[in-house]
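This briefing is meant for a reader who has not seen the structure before. Please keep the sequence and the 3D view open while reading.

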Amino acid sequence: MKVKYFAWMKRTVGVAEEDVSPPASVTTVGELVAWLRGRSAGHAEALAAGAAFGAAVDKRTATMDVKLTGASEVAFFPPFTGG
Amino acid sequence: MTVRVQEKDFDVGAELEHLTKGKKRIGGLAVFVGLVREMHVREGYHRDRVDALTLEHYPGMTEKALEEIEAEAQRRWPIEASLIVHRFGRMEAGDRIVLVAVGSPHREAAFEACEFLVDWLKTKAPFWKLEETPAGDKWVGAHEGDDEAAARWEKK
């Protein structure tokens with residue numbers, strides 16, 4: 001599974017994207033967040049509980065309870081500031 | 001009905017000409033052009049000018065999100081033609097960032113749909129602004145007013 005980070009989260013984590021293989025017990029976006037926090041201090045900081053960030057599964061906005069079944073790409077990003 | 005995400009600038013006149021050509025049911029065309037505003041940030045006791053920003057986006061998701069927003073506008077208003085062009089990359093104060101245009105038989109629908117598209121793309125399309133300040137680059141935080149503007153279009 002590919003995980004992407006955008007804007008300041010990319011800097012905090014230290015990479016723009018990475019391939020990860022979470023255990024079978026990780027079935028939702030929220031569980032993936034919790035698992036990713038253990039990868040490095042940067043991950044833990046960027047994905048900290050209470051940090052303002054959103055997620056997308058296969059390029060669709062997703063809440064933390066969304067299932068990862070069949071997902072090939074998950075992205076994490078700060079609130080949008082376009083326009 | 002077109003959505004484009006591009007690095008290069010756009011020609012507003014040429015875009016509108018192309019959008020409305022041959023579409024004789026359009027009676028009103030509402031257009032919004034977003035520009036890079038010269039901003040000021042407080043750094044300690046100083047107020048410094050921000051002259052440029054870099055807009056990052058999520059290729060693939062951005063187009064999808066804009067197409068969904070456009071489709072939602074079409075469900076709500078009688079739209080004969082619509083266009084969203086959003087730039088990414090580095091831009092300086094005064095540069096064009098975004099063009100939103102909606103053509104409808106009547107002006108009310110054109111105005112409303114155009115405003116809706118701008119409000120929703122600000123909060124639902126994956127773009128992030130990085131400002132260049134004298135103290136270094138700084139990511140722009142989300143603006144509460146934008147959420148409020150987008151929320152007034154939520155269906156009750």
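A:V3 has A:E18 of strand β2(A) as its bridge partner. Strand β1 (residues 2–5) of chain A pairs with β2(A) in the antiparallel sense, over three bridges. Strands are DSSP runs of E with at least two residues, helices are DSSP runs of H or I with at least four, and both are numbered from the N terminus. Two strands count as paired if DSSP finds at least two bridges between them.

The model is predicted: local features need pLDDT of at least 70 and side-chain atom pairs count only at pLDDT 80 or more, while totals for chains, interfaces and linings use all residues. Residues are numbered from 1 along each chain as its sequence is written, and chains are lettered from A and ligands numbered from 1 in the order in which they are written.

**The sheet of chain A**
- The strands of chain A form an open sheet of five in the order β2-β1-β5-β3-β4, with mixed pairing.
- At the edges of this sheet are β2 (17–19) and β4 (60–62) of chain A, each of which pairs on one side only.
- From one strand to the next, the twist averages 25 degrees; axes are lines fitted to C-alpha atoms (for helices over the stretch in contact), and angles run from 0 to 180 degrees between N-to-C directions.

**Chain A as a whole**
- Chain A holds three helices and five strands, and along the sequence they follow the pattern β-α-β-α-α-β-β-β.
- The radius of gyration of chain A is 12 Å, close to the 12 Å that the globule rule gives for 83 residues, so chain A is as compact as a globular protein of that length. This radius is taken over C-alpha atoms, and the rule is 2.2 Å times the number of residues to the power 0.38.
- Along the principal axes, the C-alpha atoms of chain A fill a box of roughly 35 × 30 × 20 Å.
- Buried residues make up 34% of the 83 in chain A. A residue is buried if 20 or more other C-beta atoms lie within 10 Å of its own, exposed if 12 or fewer do, and partly exposed in between, with C-beta atoms placed from the backbone.
- Of the contacts in chain A with a separation of 6 or more, 57% join residues 24 or more positions apart. Two residues are in contact if their C-beta atoms, placed from the backbone, lie within 7 Å.

**Where the chains meet**
- Chain B gives 22 residues to the contact and chain A gives 13 residues.
- On the side of chain B that touches chain A, the elements that give two or more residues are β5 (52–57), α2 (61–76), α3 (107–124) and β9 (127–133) of chain B.
- The largest share of that side, five residues, comes from α3(B).
- By class, the side of chain B that touches chain A has 13 nonpolar, four polar and five charged residues. Nonpolar means Ala, Val, Leu, Ile, Met, Phe, Trp, Tyr, Cys and Pro, charged means Asp, Glu, Lys and Arg, and the others, Gly among them, are polar.

**B:M61**
- B:M61 lies in helix α2 of chain B and is buried, with 21 other C-beta atoms within 10 Å.
- Apart from neighbours within four places in sequence, B:M61 is in contact with A:A56, A:K59 and B:P126.
- B:P126 is 65 residues from B:M61 along the chain, and their C-alpha atoms are separated by 7.1 Å.

**The sheet of chain B**
- An open sheet of four strands in chain B has the order β7-β5-β9-β10 and antiparallel pairing.
- Its edge strands are β7 (89–92) and β10 (136–139) of chain B.
- β5(B) and β7(B) pair over four bridges in the antiparallel sense, and B:L55 has B:G89 as its bridge partner in β7(B).
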